[in-house]
Amino acid sequence: GGRTKTIAFLGGHTGAYIEQELEKMKIGRVSIPVRGETRTNLKIVDLDQGTYTDLNEPGPVINAAELEQFV
């Protein structure tokens, strides 16, 4: 019954996709546009071994003005 709101740096095709999906899910959001592509991450879970592997792609550099808007 709670309400969710995202605050996100979004850029490029990935950022546009995330924006569209949040809209479809009717999740409130504050989107801060940035240059470059929003990074994507892949999580690999091995339930048998109990291990987790994170593959994090590089993301855009966040400048001072964008960071201030986030805060």
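Colleague: Where is the place of Thr38?

Modeller: Helices (H or I, at least four residues) and strands (E, at least two) are DSSP runs, numbered from the N terminus. Thr38 sits in the loop between strand E2 (28–33) and strand E3 (41–46). Keep in mind that this is a predicted model, where local features need pLDDT of at least 70, side-chain atom pairs count only at pLDDT 80 or more, and totals for chains, interfaces and linings use all residues. Residues are numbered from 1 along each chain as its sequence is written, and side-chain values use heavy atoms, with hydrogens and water left out.

Colleague: Does Thr38 count as buried or exposed?

Modeller: Buried means under 20% relative accessible area, exposed over 50%, partly exposed in between (1.4 Å probe, protein chains only). Thr38 counts as buried because its relative accessibility is 11%. Across the protein chain, buried residues make up 14% of the 71 residues.

Colleague: Which residues is Thr38 in contact with, leaving aside its neighbours within four places in sequence?

Modeller: Contact means heavy atoms within 4.5 Å. With those neighbours set aside, Thr38 touches Phe9, Leu10, Gly11, Thr14, Gly15, Ile18 and Pro60. For Gly11 there's a further detail: the Thr38 side chain reaches its backbone nitrogen at 2.7 Å.

Colleague: And how do the elements of the protein chain run from the N terminus on?

Modeller: The order is β-α-β-β-β-α, which comes to two helices and four strands.

Colleague: What does the C-alpha trace span along its principal axes?

Modeller: About 45 × 35 × 25 Å for the protein chain.

Terms used:
A polar contact is a pair of N or O atoms within 3.5 Å; within protein, one must be able to donate a hydrogen and the other to accept it, and residues adjacent in sequence count only if both atoms are side-chain atoms.
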